[in-house]
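Trainee: I would like to learn how to read the packing and the charge pairs in a model like this one. Please take the features in turn.

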Amino acid sequence: MRWKSVLSHIGCALLGALVTFTVLFVFLDFRPETKLGRLERIIEKRYIGIEDVDMQEVEDAAANAMVNALGDRWSYYLNEAAYENNISTQNNTYVGIGVSIFTELQDGCIVVEQVTPGGPAEEAGILAGDRIRDVAGESVESMGLSEAQSRIRGKARTSVELTVLRDGQELTLSVERKEIETQIVTKELLDGNVGYVRIVNFRGRSSAEAQAAVEDLMAQGATSLIFDVRFNPGGFVKEVADLLDYLMPEGVVFRSVDYTGKEEIYDSDADCIDLPMAVLVNGDSYSAAEHFAATLKEAGLATVVGQKTVGKGRFQVVYSLLDGSGVGLSIGKYFTPGGVNMQDEGGLVPDVTVEVDDDTYAAIRAATLSPADDPQVQAALEVLKG
């Protein structure tokens, strides 16, 4: 009996080892290989020039190509630096030098569109219109816009050397990087007691700051409101839904349906702002900005003025990947309370269309055009007077 017991224990141990080996065999050492994984391993083992290759750049390029192949203009890949930056910008803060730039290079240079008042760039002497040719001694043209932006931002309390072109002069400026809080909302009381509220985006703090701006303008005597969401790229559902809840009476303010078919609905309570309103939009009003204007228009609470919007009706979630990178993937659609999707409609058509020339468009984007010289603001004022 004793030998049987020993043999039984040995058998159990062997069986346990066999099960463990099988698990390792199936799940670790011999997992089915994907095409991309095999391609990467072949390159690493057999490519004759592998010592000169940055495989992280290869992986980034492959991941970017995979997302682009979906054919969805709203989904995007983020390398590690861009993913870190994305996290900070969601709260309207970032580490950088305090400039906004145009989205395309001009003659191989980054063109500064705006300089944050009191920010590091202003302290270093950078001006709107300056062209950044080199970052830390390397040309922007050779590295590309995305990489140049990443190198300019860097880590807080470090410095970056920039070669700047201005009026035929070449300047070398050292700029310290700092954590910067983005200004989201600006306000002004215009003639006729019209409160003007510009909302830069619908990311973190936007709803609270817009509501505070409205309260302050009403305390100054505002009897009507203009909301400016031109060049607003959108943001979070909660932010735009909270602002619509503040402005609108009881009812639905937002609907969405995700990839599983699950519907989510945001409602407004009975409290509202009972003032005439207009919303300014243009060809660079995206996503939540379009929804904001369309919902107020649909409810009969605001007149939309400006130019036709982009037409973005999908929302994205950003997922982190193993190497610190990430992917923003379209996972659903959103609709106005009446069931209108901006993407299906091809954008929001204003009630009052006001076209502007390229120079005026650029001045509006840079916030260098006064309300008195802005034809779209003036058209909104005429609407509110009527």
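Trainee: Which residues have the most contacts inside the largest nonpolar core?

Mentor: A nonpolar core is a set of buried Ala, Val, Leu, Ile, Met, Phe, Trp, Tyr and Cys residues joined through side-chain atoms within 4.5 Å. Buried means under 20% relative accessible area, exposed over 50%, and partly exposed in between, with a 1.4 Å probe and protein chains only. Here the largest nonpolar core has 40 residues, and F202, F227, L247, V279 and F292 have the most contacts inside it. This is a predicted model: local features need pLDDT of at least 70, side-chain atom pairs count only at pLDDT 80 or more, and totals for chains, interfaces and linings use all residues. Residues are numbered from 1 along each chain as its sequence is written, and side-chain values use heavy atoms, with hydrogens and water left out.

Trainee: What does L247 touch?

Mentor: Contact means heavy atoms within 4.5 Å. Leaving aside residues up to four places away in sequence, L247 touches F227, C272, I273, M277, F292 and L296. A second, separate core has 19 residues, including I126, V140, M143 and V175.

Trainee: Which residues form a nonpolar patch on the surface?

Mentor: Patches are made of residues with over 30% relative accessible area and no salt bridge; like charges are joined within 9 Å, and nonpolar side chains (Val, Leu, Ile, Met, Phe, Trp, Tyr) within 5 Å. Accessible areas come from the Shrake-Rupley method with a 1.4 Å probe, and for residues only the protein chains shown count as cover. In this model Y47, I48, V53 and V58 form such a patch, with about 380 Å² of accessible area together. V53 is found in the loop between α2 (35–46) and α3 (55–68). Helices (H or I, at least four residues) and strands (E, at least two) are DSSP runs, numbered from the N terminus.

Trainee: How many salt bridges does the structure hold?

Mentor: Side chains of opposite charge can pair when their charged atoms come close. A salt bridge is a side-chain nitrogen of Lys or Arg within 4 Å of a carboxyl oxygen of Asp or Glu. The structure holds 19 of them. One of these joins D216 and K187, whose closest N and O atoms are 3.7 Å apart. D216 lies in helix α8 (residues 206–219) and K187 in strand β10 (residues 185–190), so the pair ties together parts that are 29 residues apart in sequence.

Trainee: Are D216 and K187 buried or partly exposed?

Mentor: D216 is partly exposed at 32% relative accessibility, and K187 is partly exposed at 42%.

Trainee: Which residues are linked in a network of salt bridges?

Mentor: R133, D134 and E170 are linked in this way.

Trainee: How many disulfides does the structure hold?

Mentor: A disulfide is a pair of cysteine sulfur atoms within 2.5 Å. The structure holds zero. C109 is buried, at 2% relative accessibility, and C272 is partly exposed, at 37%.
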